[in-house]
Amino acid sequence: MQKPISNLSREVASTGIEGLDDILMGGFTRNRLFLVEGVPGSGKTTLALQFLIAGTLVGERVLYVTLSETEEELRAVATSHDWDLGGVTIDELSPTLADLDPEEQNTMFHPSEVELAATTKRVLAIFDELRPSRIVIDSLSELRLLAGNSLRYRRQVLALKQFFSSRQCTVLLLDDLTASDHDLQMRSIAHGVVLLDHQYPDYGAQRRRLQILKYRGVQFRGGYHDYTIRRGGIDVFPRLVAAEHRQIQPRQRLASGVVALDALLGGGLEEGTSTLLVGAAGTGKSTLAAQFVKAAAARGDRAAMFLFDESPQTLLERCGALQIDLQPHVESGRVLLQQVDPAELTPGELVHAIRIAVAEGAKVIVIDSLNGYLNAMPEEHYLIIQLHELLMFLGQKGVATVLTGAHQGIIGTQMRTPVDASYLADAVVLLRYFELKGEVRQAVSVVKKRGGAHERTIREFRLDADGVHVGDALRAFRGVLTGVPVYEGEELRGS
């Protein structure tokens with residue numbers, strides 16, 4: 001049997017970005033050369049500065065060698081993030097005004113024979129003077145142009161790699177991918193490669209994600225990971241891997257506070273399971289989810305609701321009018337209401353927020369709704385994969401998850417959801433409209449519940465100023481789920 005790669009015998013240099021350290025299993029291996037690739041504007045400079053600042057915080061000497069940006073521009077970036085570059089040495093090797101003077105330019109030798117040698121000599125001189133343990137060289141595109149050809153460029157980079165590794169220094173090389181003949185030479189030379197990627201959806205803010213393309217000798221976390229650039233630096237949201245959080249723990253039933261509803265569910269929701277509330281718009285899915293949240297808070301548990309379709313204030317006012325008063329629990333901190341803007345929040349960032357809520361003790365998580373969640377994803381199959389990982393993670397943490405999904409249409413037999421997540425959920429609660437004596441009424445039924453018995457009846461469901469009401473089984477009717485039932489018995493009780 002093949003042994004897994006061990007990550008324990010290496011010394012690492014923290015990147016200063018918690019999420020990236022998590023992906024890299026601690027950070028960059030010390031005394032190695034790493035490549036950070038990304039188009040202009042992807043955050044390479046920001047990442048590099050955070051890496052150097054992290055070094056200064058533990059007393060290391062650090063050096064930023066810039067071949068393209070000026071020192072003033074770098075300090076402006078730091079100021080925009082409220083960073084102090086007092087411990088960071090910046091060596092600016094960009095062209096000066098003297099270099100623009102035709103009389104000062106060399107015409108006998110190729111720039112690769114003069115400027116590249118002078119640049120390399122300057123870098124080595126400042127390194128020997130400072131003796132840093134971390135260095136950033138920005139950017140490789142300038143070295144590539146100075147080298148003139150790929151052979152001289154590769155030899156120069158290999159020489160720099162050997163020079164720095166023999167002097168106990170961790171190196172970050174930045175590449176802006178602007179070369180038209182970009183090849184894979186640098187990826188083969190580097191000990192590890194970080195790719196910063198951009199996505200531009202048809203609507204909303206640009207999406208940023210990164211990927212570790214290579215990391216010798218380290219079992220890193222693969223795949224794409226969302227990240228954002230905000231005031232204060234880069235935030236990376238590691239891809240959720242549910243298998244890393246497996247644990248076995250007893251499950252308890254969580255009552256909703258509505259006796260008839262709990263009876264329909266076979267005693268209530270279960271910890272570590274997911275429940276999908278599905279129905280047409282206005283059938284009461286969000287209100288029913290809020291009822292479970294209120295019941296959890298009343299027991300002293302924490303709960304969190306992530307709202308795509310309405311604001312927290314609207315939810316509080318609407319539920320308050322139905323005797324589902326969440327305001328005191330929100331103020332006490334037991335209930336978290338977070339509005340999600342799918343045009344601005346990346347899917348990875350949403351999962352990260354849910355993980356934080358779970359880490360803070362949330363026992364009930366509500367995602368309202370799957371339709372909004374779908375809009376946060378570039379393609380539908382990504383939603384299913386990521387939703388599966390999220391539900392597995394929440395289940396392993398013993399969290400009761402409530403999802404809502406709106407049918408397309410109001411009444412009839414051809415109603416459907418934009419994405420079918422019913423097979424992922426452990427329980428499915430169906431809410432439907434039906435017509436009775438010229439009046440539109442609502443019905444509720446449990447059509448699926450893994451691991452436990454539940455009622456298979458269809459009950460009347462009503463919301464009014466006194467709260468949530470679940471009535472008797474509609475046994476006198478046939479075809480309630482079609483929306484136009486046929487009366488086959490005595491008068492409906494309470495009609």
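Arg-231 is exposed, at 61% relative accessibility. Exposed means over 50% relative accessible area, buried under 20%, and partly exposed in between (1.4 Å probe, protein chains only). Arg-231 sits in the loop between strand 10 (224-230) and strand 11 (233-237). Strands are DSSP runs of E with at least two residues, helices are runs of H or I with at least four, and both are numbered from the N terminus. The model is predicted: local features need pLDDT of at least 70, side-chain atom pairs count only at pLDDT 80 or more, and totals for chains, interfaces and linings use all residues. Residues are numbered from 1 along each chain as its sequence is written, and side-chain values use heavy atoms, with hydrogens and water left out.

Which residues does Arg-231 contact, leaving aside its neighbours within four places in sequence? They are Thr-79, Ser-80, His-81 and Asp-82, where contact means heavy atoms within 4.5 Å. Arg-231 and Ser-80 are 151 residues apart along the chain, and their C-alpha atoms are separated by 6.7 Å. A polar atom of the Arg-231 side chain lies 2.9 Å from the backbone oxygen of Ser-80.

## Aromatic pairs

The structure holds seven aromatic pairs. Rings of Phe, Tyr and Trp (its six-membered ring) pair if their centres lie within 6.5 Å; planes under 30 degrees apart are stacked, over 60 edge-to-face, and the rest tilted. The Phe-34 and Tyr-215 rings have centres 5.5 Å apart and planes at 85°, so this pair is edge-to-face. Phe-34 belongs to strand 3 (residues 33-38) and Tyr-215 to strand 9 (residues 207-215), so the pair ties together parts 181 residues apart in sequence. Phe-34 is buried at 1% relative accessible area. Tyr-215 is buried too, at 5%.

Phe-127 and Phe-163 are also edge-to-face, because their ring centres are 5.4 Å apart and their planes stand at 65°. Here helix 4 (residues 111-130) supplies Phe-127 and helix 6 (residues 150-165) supplies Phe-163, so the pair ties together parts 36 residues apart in sequence. Both Phe-127 and Phe-163 are buried. One aromatic cluster is formed by Phe-28, Phe-34, Phe-51 and Tyr-215.

Strand 20 (residues 439-449) and strand 21 (residues 459-464) run antiparallel, joined by three bridges. Strands pair if DSSP finds at least two bridges between them. Val-444 stands opposite Arg-459 of strand 21. Strand 21 also pairs with strand 22 (residues 467-473), antiparallel, over five bridges. These two form a hairpin with two residues between them. Asp-464 has Gly-467 in strand 22 as its bridge partner.

## Whole chain and confidence

The chain has 14 helices and 24 strands. Of its 495 residues, 52% are buried. Among contacts with a separation of 6 or more, 69% come from residues 24 or more positions apart.

Mean pLDDT (the predictor's confidence in each residue, from 0 to 100) is 85, and 87% of residues reach 70 or more. Residues 1-6 stay under 50, with four contacts beyond four places in sequence. Residues 104-110 also stay under 50, with six such contacts.

How values were computed:
A polar contact is a pair of N or O atoms within 3.5 Å; within protein, one must be able to donate a hydrogen and the other to accept it, and residues adjacent in sequence count only if both atoms are side-chain atoms.
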